[in-house]
Amino acid sequence: MAGHAENHEKIGHIVQVVFEVPTLQHFDYLIPEALQGRVMPGSVVLAPFHHRKSNGYVINIVNQSPHVGLKYIEEVLEEYPVLSPGLLKLAQWISDYYLCSQGMVFKTMLPAPVRKRSIQKKSIIEIPKSALEHMDQTA
């Protein structure tokens with residue numbers, strides 16, 4: 001379900017996501033039908049961000065966005081949210097008080113093994129057809 005939605009009001013829920021970048025804003029994404037019910041505040045998701053896929057943190061779920069042409073999140077990277085409601089509230093307070101992004105606060109809060117999990121573990125490596133044919137001949 002990559003790409004943009006033409007009329008996101010008919011699609012359903014929208015997640016507000018922050019990334020580990022120094023910006024005070026959040027970014028709105030649509031939840032694909034296949035991921036409905038699996039995404040919660042505190043979830044780590046994979047989403048398109050500046051011409052690449054990045055891990056982001058869901059800070060809120062809303063029904064409307066002032067933006068058009070929203071993209072879909074691509075995957076939920078953890079079965080359960082890694083940030084509790086208390087940690088989300090604390091991160092918001094730290095972000096407001098110190099004028100830093102929530103994504104950078106999460107980067108500081110979470111241990112590296114939690115932050116570094118990504119879709120890269122699931123990447124598919126294509127084997128050239130000639131190599132497959134060579135393997136068949138030698139077997």
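**Getting oriented**

Guide: Let's begin with contacts: of those in the protein with a separation of 6 or more, 65% are between residues 24 or more positions apart. Keep in mind that this is a predicted model.

Visitor: OK. How many helices and strands are there in the protein?
Guide: The protein has 4 helices and 5 strands. Starting at the N terminus, the elements go β-β-β-β-β-α-α-α-α.

Visitor: And what percentage of the residues is buried?
Guide: Buried residues make up 37% of the 139 residues.

Visitor: What actually holds strands of a sheet together?
Guide: Strands of a sheet pair through backbone hydrogen bonds, and the pairing can be parallel or antiparallel.

Visitor: Which bridges does strand 3 make, then?
Guide: Strand 3 has 6 bridges to strand 4, running antiparallel, and 2 bridges to strand 5, also antiparallel. As examples, F49 has R52 in strand 4 as its bridge partner, while V45 stands opposite V76 in strand 5.

Visitor: How many residues sit between strand 3 and strand 4?
Guide: There are 2 residues between them, and the two strands form a hairpin. H50, in the turn, has a positive phi of about 50°.

Visitor: Is strand 3 mostly buried or exposed?
Guide: Buried: 6 of the 6 residues of strand 3 (residues 44–49) are, so the strand is largely enclosed by the rest of the structure. In a regular strand, side chains alternate between the two faces of the sheet. Here V44, L46 and P48 are on one side, with V45, A47 and F49 on the other, and both faces are covered.

Visitor: Now strand 1. What is it joined to?
Guide: Strand 1 (residues 14–18) is joined to strand 4 by 5 bridges and to strand 2 by 4 bridges. Both pairings are antiparallel. V18 stands opposite Y57 in strand 4, and V15 has Y29 in strand 2 as its bridge partner.

Visitor: I clicked on Q16. Buried or exposed?
Guide: Q16 is buried, because its relative accessible area of 14% is under the 20% cut-off. Q16 belongs to strand 1.

Visitor: What is Q16 in contact with?
Guide: Leaving aside neighbours within four places in sequence, the contacts of Q16 include H26, F27 and D28, along with Y57, V58 and I59. The C-alpha atoms of Q16 and I61 are separated by 6.2 Å, though the two residues are 45 residues apart along the chain.

Visitor: Switching to pockets: what's the volume of the second largest pocket?
Guide: The second largest pocket has a volume of about 240 Å³. It is lined by 14 residues, and F27, D28, Y29, L70 and K71 lie nearest its centre.

Visitor: Which element gives the most to that lining?
Guide: Strand 2 gives the most, with 3 residues. In strand 2, F27 and Y29 point one way and D28 and L30 the other way, and all of these are buried.

Visitor: On to helix 1. Which residues are buried there?
Guide: L88, A91 and S95 are the buried residues of helix 1. Seen down the helix axis, they fall within an arc of 60°, so they line one face of helix 1. The face turned away from them carries exposed residues P85, K89 and Y97.

Visitor: What covers the buried residues of helix 1?
Guide: The cover includes strand 4 (52–62) and helix 2 (102–109).

Visitor: How far apart are the end C-alpha atoms of helix 1?
Guide: They are 20 Å apart, which agrees with the 20 Å that 14 residues (85–98) should span at 1.5 Å a residue. L99 follows helix 1 and has a positive phi, near 50°.

Visitor: Last one: which residues are buried in helix 2?
Guide: Q102, G103, V105 and F106 are buried in helix 2. They cover an arc of only 155° around the axis, which puts them on the same side of helix 2. What covers them includes strand 1, strand 4, helix 1 and helix 3 (112–116).

Notes: Residues are numbered from 1 along each chain as its sequence is written. This is a predicted model: local features need pLDDT of at least 70, side-chain atom pairs count only at pLDDT 80 or more; totals for chains, interfaces and linings use all residues. Side-chain values use heavy atoms; hydrogens and water are left out. The expected span of a helix is 1.5 Å times one less than its number of residues. Buried means under 20% relative accessible area, exposed over 50%, partly exposed in between (1.4 Å probe, protein chains only). The arc is that of the directions from the helix axis to the C-beta atoms. Contact means heavy atoms within 4.5 Å. Two strands pair if DSSP finds at least two bridges between them. On a 1 Å grid over the protein atoms alone, a cavity is a set of points where a 1.4 Å probe fits but cannot get out, and a pocket is an open set with protein on both sides within 12 Å along at least five of seven lines; lining residues have an atom within 4 Å of a point. Grid points are joined across faces, edges and corners, and a volume is the space filled by probe spheres set on the points.
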